[in-house]
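Here's a quick briefing for anyone opening this structure for the first time. Have a look at it, then read on.

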Amino acid sequence: MQEQLKIFKIIHIALVAGLIFAYFFLGNLSDITQLKLPTIDSDNTVYLAIPIAAFIVSNLLFKMLVSKIDSNLSLKEKLVPYQSASIVRYAIIEGSAFVILILAPDFIIFGVLLIAYLILLIPTEYRIKRDLKLLD
């Protein structure tokens, strides 16, 4: 399990690092004033909905895909579909962060929040066992 977990963590770190570099260079995060909360009106509420939708959809899809994993399989056999479900979750969050960066740079703070959430989703043995309902 440790070898698969190590590879899984490397994938996660690579996705997060790529997103952070994109935000740093394309979003000009070296200027801390970029992180101010923008004014929200009826014209740009869709950009506020992007991170909320990403959070909800990614979690729903992840739970749906994890629930389809056969409970009779061994932990090692469950890791591949679990990893696929996690990558789907990461991709939705990452894609939403990129959409915010490209289409609405004024809302960059919401993309940073998505990055922070993605960082918190780092795969651990405990999290995998909890999600697969293997804990006693």
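**Core and helix packing**

The largest nonpolar core has 32 residues, and Tyr23, Val66, Tyr82, Ile100 and Ile128 have the most contacts inside it. A nonpolar core here is a set of buried Ala, Val, Leu, Ile, Met, Phe, Trp, Tyr and Cys residues joined through side-chain atoms within 4.5 Å, with buried meaning under 20% relative accessible area (1.4 Å probe, protein chains only).

This is a predicted model: local features need pLDDT of at least 70, side-chain atom pairs count only at pLDDT 80 or more, and totals for chains, interfaces and linings use all residues. Residues are numbered from 1 along each chain as its sequence is written, and side-chain values use heavy atoms, with hydrogens and water left out.

- Helix 3 gives the largest share of the core, eight residues.
- Ile100 touches Tyr23, Ile50, Pro51, Pro105, Phe107, Ile108, Phe110, Gly111 and Leu114 (heavy atoms within 4.5 Å), not counting residues up to four places away in sequence.

**Helix 3 with helix 4**
- Helix 3 (residues 75-103) and helix 4 (residues 108-120) pack at about 160 degrees, their axes 8 Å apart.
- That pair is therefore roughly antiparallel (angles over 145 degrees).
- Among the residues that meet are Tyr90 and Ile93 in helix 3 and Leu114 and Leu118 in helix 4.
- This contact's residues divide into ten nonpolar, two polar and one charged.

**Helix 1 with helix 3**
- The axes of helix 1 and helix 3 come within 11 Å and cross at roughly 5 degrees.
- These two are therefore roughly parallel (angles under 35 degrees).

Methods
Axes are lines fitted to C-alpha atoms, for helices over the stretch in contact, and angles run from 0 to 180 degrees between N-to-C directions. Helices (H or I, at least four residues) and strands (E, at least two) are DSSP runs, numbered from the N terminus. Angles under 35 degrees count as roughly parallel, over 145 as roughly antiparallel, 65 to 115 as roughly perpendicular and the rest as oblique. Ala, Val, Leu, Ile, Met, Phe, Trp, Tyr, Cys and Pro count as nonpolar, Asp, Glu, Lys and Arg as charged, and the others, Gly among them, as polar. Buried means under 20% relative accessible area, exposed over 50%, partly exposed in between (1.4 Å probe, protein chains only).
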